[in-house]
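Subject: Handover of a structure and the findings on it

Dear colleague,

Please find the structure below, handed over for your own work. My findings are set out after it.

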Amino acid sequence: SDPWRQFLKAEAAALGIEFIDLVAPFRALPANEVPALFIQNDIPGFPLSKGHYTARGNAFVAERLLNRLRKIGDAISFRN
């Protein structure tokens, strides 16, 4: 996904849109911690749920998004 993410980042920058990429934080995790962030098998009654975030995975993403959005908000405040 690296070439695709780099393309999106460049296109977003050209449009003045902040691109929040969370791949690096996932890659920084120890390999044994990653499975707990994703549903490992389809949940009965929810086909294709395998691979989606678990509650822990959602919290991981939400924390990083919140931190990044706060930084963006601070940067915007300073510009105005």
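Conventions

This is a predicted model, in which local features need pLDDT of at least 70 and side-chain atom pairs count only at pLDDT 80 or more, while totals for chains, interfaces and linings use all residues. Residues are numbered from 1 along each chain as its sequence is written, and side-chain values use heavy atoms, with hydrogens and water left out.

Overall fold

The chain contains three helices and zero strands, arranged along the sequence as α-α-α. Helices (H or I, at least four residues) and strands (E, at least two) are DSSP runs, numbered from the N terminus.

The radius of gyration of the chain is 16 Å, whereas a compact globule of 80 residues would have one near 12 Å. That radius is taken over C-alpha atoms, and the globule rule is 2.2 Å times the number of residues to the power 0.38. The C-alpha trace spans about 50 × 30 × 25 Å along its principal axes.

Of the 80 residues, 16% count as buried. Here buried means under 20% relative accessible area, exposed over 50%, and partly exposed in between (1.4 Å probe, protein chains only). The accessible surface of the chain is about 6,300 Å², and 62% of this belongs to carbon and sulfur atoms; the areas come from the Shrake-Rupley method with a 1.4 Å probe, and for residues only the protein chains shown count as cover.

Contact means heavy atoms within 4.5 Å. Among contacts between residues at least 6 apart in sequence, 31% join residues at least 24 apart.

Salt bridges

A salt bridge is taken as a side-chain nitrogen of Lys or Arg within 4 Å of a carboxyl oxygen of Asp or Glu. The count by this rule is five.

One of them joins the side chains of Asp2 and Arg5, with an N to O distance of 2.3 Å. Both residues belong to helix α1 (residues 2-14) and are three residues apart, about one turn of the helix. Asp2 is partly exposed, at a relative accessible area of 33%, while Arg5 counts as buried at 13% relative accessibility.

Arg5 also forms a salt bridge with Asp21, where the closest N and O atoms are 2.7 Å apart. Arg5 is in helix α1 and Asp21 in the loop between α1 and α2 (23-28), so this pair ties together parts that are 16 residues apart in sequence. Asp21 is partly exposed, with a relative accessible area of 28%. The side chains of Arg5 and Asp21 are also joined by a polar contact of 2.7 Å. A polar contact is a pair of N or O atoms within 3.5 Å; within protein, one must be able to donate a hydrogen and the other to accept it, and residues adjacent in sequence count only if both atoms are side-chain atoms. With neighbours within four places in sequence left aside, Arg5 is in contact with Phe19, Asp21, Val23 and Arg27.

Glu18 and Arg68 meet through their side chains in a salt bridge of 2.3 Å, N to O. Glu18 lies in the loop between α1 and α2 and Arg68 in helix α3 (residues 55-79), so the pair ties together parts that are 50 residues apart in sequence. Both partners count as partly exposed, Glu18 at 40% relative accessibility and Arg68 at 31%. Through shared partners, salt bridges join Asp2, Arg5, Asp21 and Arg27 into one network.

Nonpolar core

Which residues make up the largest nonpolar core? The six are Leu22, Phe26, Leu29, Leu37, Phe60 and Val61. A nonpolar core is a set of buried Ala, Val, Leu, Ile, Met, Phe, Trp, Tyr and Cys residues joined through side-chain atoms within 4.5 Å. Not counting residues up to four places away in sequence, Val61 touches Leu22, Phe26 and Tyr53.

Two loop residues

Leu48 is placed in the loop between α2 and α3. Although Leu48 is not a glycine, it has a positive phi of about 65°. Leu48 counts as exposed, at 70% relative accessibility.

Thr54 also lies in the loop between α2 and α3. A polar atom of the Thr54 side chain lies 2.7 Å from the backbone oxygen of Ala36. Neighbours within four places in sequence aside, Thr54 is in contact with Ala36, Leu37, Phe38 and Ile39.

With kind regards
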